Amino acid sequence: MQLFEDYPFAQSELSAFHSMKKDGNMSTRYGDISSVFERRSRFFHQNISDNSRIIHIRANHKAVIRAIPNDIAEEIIECDGVISRNPQMYFSIAFGDCLPLVLHDPSKHILAYAHCSYKSINQWLHSLIAESLIQEYWSHPSDLQILLGPCIKAYSLELDDISTLDNKDWKDHIMVHEDGIYSVDLISRVVMDLSKLSIKYHNIYRSIRDTGNDDELFSHYRSTHLWEEEWRFLFCVGLKS
């Protein structure tokens, strides 16, 4: 596994970037709508130089995947993952600890993008969207490049109740501490499941950023444990035109 920060974006048709705390809250669920739209517009203008469209995804912690047509009329869609071949379209999702998952097949010029919370991982969103590329778009697993964006890491995500994760699929990704608190590793679960689909380990790029202790990013976990703002940052991805 390699570092997300070392991914060769300059040589790739793939573009991925995210906002920081200094850019302000990017979620309309936790802020004034007009102010959020103004921040988003400013952020997009700073990072996208062409006339590409921007589609915002409202994720619902499920496993709903949409194939996006080139002539889509909506600017805001509700789903948990998308698949696109359009080189003039970017997708944004608001995050506050969950895992941004990007799958890119440079040989087929296609990308998939998903919002992976533990709830959607429970519903196999990460595997389903990879299987869609492999089975429906004829991507070869060895060609797929995987980006894992900033999220909360196992040493920051401590829970006292894991009843919703109490199944065999999580057993290798939960650590029990002496005080009865559990640490949950979202990344190891996703990487293990994708590896079972023959996706190459060296094609996976993982961000070093941990939202659980990174003061430059927003975190739902910190908002509930340290009383910080319940705000969100954007993670955006698209194919360069």
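**Notes on a predicted model**

1. Ile33 is found in helix 1 (residues 33-47), and with a relative accessible area of 48% Ile33 is partly exposed. Here buried means under 20% relative accessible area, exposed over 50%, and partly exposed in between (1.4 Å probe, protein chains only).

2. A word on the ground rules. This is a predicted model, where local features need pLDDT of at least 70 and side-chain atom pairs count only at pLDDT 80 or more, while totals for chains, interfaces and linings use all residues. Residues are numbered from 1 along each chain as its sequence is written, and side-chain values use heavy atoms, with hydrogens and water left out.

3. On to the strands around strand 3. Helices (H or I, at least four residues) and strands (E, at least two) are DSSP runs numbered from the N terminus, and two strands pair if DSSP finds at least two bridges between them. Strand 3 (residues 53-58) pairs in the parallel sense with strand 7 (residues 89-95) over 5 bridges, where Ile54 has Tyr90 as its bridge partner. Strand 3 also pairs in the parallel sense with strand 5 (residues 76-78), over 3 bridges; there, Arg58 stands opposite Glu78.

4. An open sheet deserves a look too: its 3 strands have the order 11-13-12, with antiparallel pairing. Strand 11 (158-159) and strand 12 (174-176) stand at the edges with a single partner strand each, so one side of each is left without a neighbour in the sheet. Strand 12 is joined to strand 13 (residues 182-184) by 3 bridges, and Ile174 stands opposite Val184 of strand 13.

5. Helix 4 (residues 186-195) is mostly covered, with 7 of its 10 residues buried. The buried residues are Leu186, Ile187, Arg189, Val190, Val191, Asp193 and Leu194. What covers them includes strand 8 (99-105), helix 2 (118-122), helix 3 (125-136), strand 10 (145-148), strand 13 and strand 14 (204-206), where contact means heavy atoms within 4.5 Å. At the start of helix 4, a side-chain oxygen of Asp185 comes to within 3.2 Å of the backbone nitrogen of Ile187. A polar contact is a pair of N or O atoms within 3.5 Å; within protein, one must be able to donate a hydrogen and the other to accept it, and residues adjacent in sequence count only if both atoms are side-chain atoms.

6. Finally, the charged pairs. The whole structure holds 12 salt bridges, each a side-chain nitrogen of Lys or Arg within 4 Å of a carboxyl oxygen of Asp or Glu. In one of them, Arg66 meets Glu74 with the closest N and O atoms 3.2 Å apart; Arg66 is partly exposed at 25% relative accessibility, and Glu74 is partly exposed at 34%.

7. Glu228 and Arg222 form another salt bridge (3.0 Å, N to O), in which Glu228 is partly exposed at 25% and Arg222 is buried at 2%. Glu230 and Arg232 bring their closest N and O atoms to 2.7 Å, with Glu230 partly exposed at 22% and Arg232 buried at 10%. Through shared partners, salt bridges also join Lys21, Arg222 and Glu228 into one network.
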